[in-house]
Amino acid sequence: MESGFVIDKTGKEFASAPEWAEGAPERSFWMGLKLAGRERHAIVTYRCSACGYLESYAPSM
Ligand SMILES: [Zn+2]
C-alpha cells in the first residue's frame with residue numbers, strides 16, 4: 001500500500017471524476033496543491049446495490 005490523497009476539485013466550474021495522487025499534500029503558492037511530477041490515478045468507486053456500501057480503487061492504467 002502506498003499513501004496518497006484524493007484531489008479535491010470542488011473549486012472547479014465543471015464536474016470531473018476524482019483522482020488519487022501519491023505522497024502527502026503540499027501547498028503550492030499559486031494554485032492549491034503541488035501536483036507536478038506525482039503519480040495520479042483516476043478513482044473508480046463500486047457501490048453495493050443492496051446496502052449502498054462504497055469501495056474505491058485507483059488502478060494503474
Ligand atoms: Zn452491501
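Which residue in β3 does Glu19 stand opposite?

Mentor: Happy to. Glu19 stands opposite Ala42 in β3. Before we go on, residues are numbered from 1 along each chain as its sequence is written. The model is predicted, so local features need pLDDT of at least 70 and side-chain atom pairs count only at pLDDT 80 or more, while totals for chains, interfaces and linings use all residues; side-chain values use heavy atoms, with hydrogens and water left out.

Now to the strands, which are DSSP runs of E with at least two residues, numbered from the N terminus. Strand β2, residues 19-22, pairs with β3 in the antiparallel sense over three bridges; two strands pair if DSSP finds at least two bridges between them. Both belong to an open sheet of three strands, in the order β1-β2-β3 with antiparallel pairing. Its edge strands are β1 (4-7) and β3 (40-42), each of which pairs on one side only. On average, neighbouring strands of this sheet are turned by 25° against each other, direction ignored (axes are lines fitted to C-alpha atoms, and angles run from 0 to 180 degrees between N-to-C directions).

Strand β3 also holds His41. His41 is buried, because its relative accessible area is 9% (buried is under 20%, exposed over 50%, partly exposed in between, with a 1.4 Å probe and protein chains only). Leaving aside neighbours within four places in sequence, His41 is in contact with Glu19, Trp20, Ala58, Pro59 and Ser60, where contact means heavy atoms within 4.5 Å. The His41 side chain also makes a polar contact with the side chain of Glu39, at 2.7 Å. Such a contact is a pair of N or O atoms within 3.5 Å; within protein, one must be able to donate a hydrogen and the other to accept it, and residues adjacent in sequence count only if both atoms are side-chain atoms. As for Gly4, its C-alpha atom is separated by 11 Å from that of His41, 37 residues apart along the chain.

Further along, β4 (residues 44-47) and β5 (residues 54-57) run antiparallel, joined by four bridges. In β5, Tyr57 is the bridge partner of Val44, and Glu55 stands opposite Tyr46. These two strands form a hairpin with six residues between them, and Gly52 in the turn has a positive phi of about 85°.
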